[in-house]
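Hi,

Here is the model I promised to pass on.

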Amino acid sequence: MISADPGIWIAAFFTIAATSYVFRDNPAFKFAEHTFVGCAAGYSVAWNLTQLQRVGLTPMMERGIYTYLIPIVLGLTVYFQYSTEYRWIARYGVAFMMGQGIGMALRAKMREDFIMQLRATVTPLDSALGIVIFILVITGALHFVFTVKRVESEPFRTLTIIGRYGILVALGASFGNTVMTRLGQYQGRMIFLIRDWLGLVA
Amino acid sequence: MSEILKRPIPLLITFVVGMLMVLEYFFTVPALTATYDTVNTWRVILYACVYLGTINLLLLHGRRVMRRDPGQWYYSAWLIVMIAAYAVLGLVWGVDSMNYRWMIDNVDVPLGATMYASLAFYMASGAYRVMKVRNLGTGLLLLSAFLVIIGNTPLFPATWEGFATIRNTIFDTFVVGSYRAIRFGVGLGGIALGIRTLVGLETGYMGRRE
Amino acid sequence: MSLWDKLEAVPNWVLYILVLLAMAYPIFRPLGLPIVVGGPSQEAYKAVDATPEGTYAVFHIAYGAGGKPTLQPAAVAMSHHLFEKNLKVIYFCDNAVDLANIWGIFDEVSPDTRYGKEYGSDYVVLSLTGPFLTQAAVVLSNLLETIPTDARGQSLKGMPMFQGYTETEDINIVCQLTTSGDISEGWVYQAVSRYERRLVGGWLSMMTSSMIPYYQAGQIQGFIDGSKGAADYEVLTNKPGEAVKITDILSLTQVVYLLFIIIGNVGYFGKKYMGGGK
């Protein structure tokens, strides 16, 4: 039986409105799109202000951690981006954010993205699987070397071609998985429309 | 003096804070770890103070409403209303309240889920129009996609388990090998860019020079 | 128009209607196909199963609205497993949608009534903000100092779960379900590299290609591979749910995709080798 819950009707309307774009752009989709952007921006403001109060302002007042004023001031400096004359003040907040972000991103990359991956490439060379992976890693990496001219001549050229085909097979596999992802996502919406909204199945 | 304040000191801040993060990973020194924890807490608080995205949205759509852009201004007005509604109600009711959850579950979730999922249709037309065997490379790509889709579809492994084995073998060999090669490149590129930014060679984030 | 031209020129709206029909039909007539459990899902299950009782598990919910149809069933199945193992679960998220998703998980799992768990003693929900690597560092190493309250505003230090809590050492395993590549990589950088915790991943199937090198290198113990992995986990925990249903339905829609590829190529080759034209 068709649902009497107003929330489900609202959800069904937005599901159909958002899907309608695949057929043609239309006012219902535009309405849905602007609603989505507005919701996302609105709840992120509410969320961040709540976190600011819980993580920053309340501990500052209750526990006397007045050093929390430093990140608050740095955060406020970012708004000087809107001033033509004092735009440079925004660099302080941005510099702190960039330094902290880059430092965090950089520190483990060498170990996890390079050393551990290299070890996993060369250690299992006692099996056919390990040898195939080793060949594909070397040839795949060679394919992306554009700065050394030697790579364009034999025997490296053959290796780069092997690498290219290996990458194409991998991309094909990735496409296969992407098909499953998108279908699975929309499947959830179909189940909602047919079962939860229209009540056509139990 | 003012020239030092405008660029060199912010670059120094980037370097000092960045190096603190990096050094904490390699050295277990209590004072270093304590400073690192403090910087992380400050970063969380700083993040919660920055609303540039929302402000830019309000400026852009606000201008459209003021100018009464034909065919657009009422959508922009609605967007501004939604931002205000979600922001104010989130603060008044609380972002963890049942009422707010109702708004998220019945408006944001169906919209978000459907917007992402609609790509399924574009993939269908892409599969039909673009996935053609024009040469050896595209043939291999198509064959691989075909075998993986068959392996992912429960219908086929249910008839013969070999389909799942083929799919897993493609992932365990070609995907691991090729994506690892890509990951090396991305990793090295990331490290190089990070070091350049920390030492002040990449200053795009600082904006235009005065 | 020759036959080959017609095969190559099927309008998009016809394709979309066929996809919709292929999705709708199995909802009315389920195929009931068996699920062949994959290796990574089994390893993920074993990793959680091997976690000693009473230790802490961090469960990061970060799939938002887009990943909810495929990853929420995985979150439910994994939550069942974590509570069955009597682990102390620290859920955390960084936006209102994921917080709503977490409440939805509890609606389905019912930890209080089904497992006799108590909020604040056996599980808690945290809300954070900030760049992800910073959030991960805070949760793993400086939780009680940086985050004074849970998602409902209740003090963490007053909760029985955090009496005698010694930050990183007490956390035995980190589980994550996300649609973001940065987050799934970020957990490898923080949980595995810096804090040396065991990590079980979970993400959309399309992210598996970029993350599988970490799994093969042993940096990730196991992972849930989108809706297929979620169905596997439901089968392993003996609690079939939405994911098993979705995977069943996927059979027909993926066959339709394969047919589209075949028809497109038949038209292309027919036109190329047998001539054709208007």
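For the classes, Ala, Val, Leu, Ile, Met, Phe, Trp, Tyr, Cys and Pro are nonpolar, Asp, Glu, Lys and Arg are charged, and the others, Gly among them, are polar. Helices (H or I, at least four residues) and strands (E, at least two) are DSSP runs, numbered from the N terminus.

A quick word on the source: this is a predicted model, where local features need pLDDT of at least 70 and side-chain atom pairs count only at pLDDT 80 or more, while totals for chains, interfaces and linings use all residues. Residues are numbered from 1 along each chain as its sequence is written, and chains are lettered from A and ligands numbered from 1 in the order in which they are written.

Chain A also touches chain C, with 38 residues of chain A in contact with 45 of chain C. Here H7(A) gives the most, 18 residues, and the chain A side has 21 nonpolar, 13 polar and four charged residues.

Now for chain C itself. It has 12 helices and six strands, and its C-alpha trace spans about 80 × 35 × 30 Å along the principal axes. Of its 278 residues, 56% are buried (20 or more other C-beta atoms within 10 Å of the residue's own, all placed from the backbone).

Have a look at strand E2 (residues 88-93) of chain C: six of its six residues are buried, so the strand is largely enclosed by the rest of the structure. C:Lys88, C:Ile90 and C:Phe92 cover one side, and C:Val89, C:Tyr91 and C:Cys93 the other. E2(C) pairs in the parallel sense with strand E1 (residues 56-62) of chain C over five bridges; pairing takes at least two DSSP bridges. C:Tyr56 has C:Lys88 as its bridge partner. E2(C) also pairs with strand E3 (residues 123-127) of chain C, parallel and over five bridges, and there C:Ile90 is partnered by C:Val124.

Cheers

Definitions and conventions
Contact = placed C-beta atoms within 7 Å. Buried ≥ 20, exposed ≤ 12 C-beta atoms within 10 Å, placed from the backbone.
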